[in-house]
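Have the model open in your viewer as you read. This report takes you through a few places worth a look.

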Amino acid sequence: ECFYVLFETEVHETITSNTLFRRGEKVCVAASGGKDSTVLAEVMTTLNARYDYGLELFLLSIDEGIAGYRDDSLETVKRNQQQYQLPLKILSYQDLYGWSMDEIVSHIGRRNNCTFCGVFRRQALDRGATLLGAHKIVTGHNGDDLAETVLLNILRGDAPRLQRCTQVTTGMEGALQRSKPFKYCYEKEIVMYAHYKKLDYFSTECIYSPYAYRGYAREFIKDLERVDPTTLLNIIASGESLEIQEGVKMPTRGSCSRCGYVSSQALCKACVLLEQLHVMREQRKSGERR
């Protein structure tokens, strides 16, 4: 019981000290059925009632179209919807983009699929939240996720993302605002909370994730934590302290000329990837005709 109170109080302090929400706002809880999003739904529902935030919460799930994985996890989300009595909206890649992830992987293979999925999922959440009139999105990203992202952006030399990836709130520049109430929570705390609370969550790993680049960063950080337990917090602190030197050209945010989504280029990343998929599909059809 003491652990529950401590964990919930820590999240509450993150919310209040950063003014993540305002009374009367409609907040979309990104729900996948996994431990992070299930704990997020539990904690947001609990704190909204305990501290009278005055928020209108609802669940938003994205169906990527991964047979044997997402279809099962969505059943968990539907049970969560009944348990927390929150409205639920499910959007699919097939409806939004005309592709499922299984179809995408059949064209591009298993090496770069997480790039496609990450881009499409992020935009799908924004589209769904906008469609439902949400003011903000909350995600279950925790401290482990943030440390991995800092390391990945360093390895990729991605200065713009490195500068903002540790922020508790992103999207202030014009896109729909996203918040991370679990920024200072360890993944192990979330696992313990879900376990001892006996929450209903889906624990199977995505069938395509073993090929994700992020997995190598995760293992590297875990190895470092065995030597120095403060590694994770130190990485996050380093990301927070980062300053881009004067004179470095940073991307300017605009809108995609094709779909209108926020983008620093003429076409957003999703439209670029969809164009690539269209070319692959036409090439395959052409080869089959021959």
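## Ground rules

This is a predicted model, in which local features need pLDDT of at least 70 and side-chain atom pairs count only at pLDDT 80 or more, while totals for chains, interfaces and linings use all residues. Residues are numbered from 1 along each chain as its sequence is written, and side-chain values use heavy atoms, with hydrogens and water left out.

## Helix H2

Let's begin with helix H2, residues 35-50. Helices (H or I, at least four residues) and strands (E, at least two) are DSSP runs, numbered from the N terminus. The expected span of a helix is 1.5 Å times one less than its number of residues. For the 16 residues of H2 that gives 22 Å, and the end C-alpha atoms are 22 Å apart, so the two agree.

H2 is mostly covered, with 12 of its 16 residues buried. Here buried means under 20% relative accessible area, exposed means over 50%, and partly exposed lies in between (1.4 Å probe, protein chains only). Among the buried residues are Lys35, Asp36, Leu40 and Leu47. Just after H2, aspartate 52 has a positive phi of about 50°.

## Aromatic contacts

The whole structure holds 11 aromatic pairs. Rings of Phe, Tyr and Trp (its six-membered ring) pair if their centres lie within 6.5 Å; planes under 30 degrees apart count as stacked, over 60 as edge-to-face and the rest as tilted. One of these pairs joins tyrosine 4 and tyrosine 193 edge-to-face, at 5.7 Å centre to centre and 75° between the planes. Tyrosine 4 sits in helix H1 (residues 2-17) and tyrosine 193 in helix H9 (residues 187-196), so the pair ties together parts 189 residues apart in sequence. Both tyrosines are buried.

Next, look at phenylalanine 7 and phenylalanine 182: with ring centres 5.8 Å apart and planes at 55°, the pair is tilted. Phenylalanine 7 is in helix H1, whereas phenylalanine 182 is in the loop between strand S6 (177-179) and H9, 175 residues apart. Ring pairs link Phe3, Tyr4, Phe7, Phe182 and Tyr193 into a cluster. Lysine 197 lies over the face of tyrosine 4, 4.9 Å from the ring centre; a charge sits over a ring if NZ of Lys or CZ of Arg is within 6 Å of the ring centre and within 35 degrees of the ring normal.

## Salt bridges

Side chains of opposite charge can pair when their charged atoms come close. A salt bridge is a side-chain nitrogen of Lys or Arg within 4 Å of a carboxyl oxygen of Asp or Glu, and the count comes to 20. Arginine 178 and aspartate 126 form one at 3.2 Å, N to O. That pair links strand S6 with helix H6 (residues 113-131), 52 residues apart. Arginine 178 is buried at 7% relative accessible area, and aspartate 126 is buried at 6%.

Glutamate 240 and lysine 183 form another salt bridge, with their closest N and O atoms 2.6 Å apart. Glutamate 240 is partly exposed at 40% relative accessibility, whereas lysine 183 is buried at 4%. Elsewhere, Glu8, Glu42, Arg50 and Lys197 are linked in a network of salt bridges.

## A surface patch

Finally, which residues make a nonpolar surface patch of about 350 Å²? They are Leu155, Tyr213 and Tyr216. Patches are made of residues with over 30% relative accessible area and no salt bridge: like charges are joined within 9 Å, nonpolar side chains (Val, Leu, Ile, Met, Phe, Trp, Tyr) within 5 Å. Accessible areas come from the Shrake-Rupley method with a 1.4 Å probe; for residues, only the protein chains shown count as cover. Tyrosine 216 is in helix H10 (residues 214-227) and is exposed, at 56% relative accessible area.
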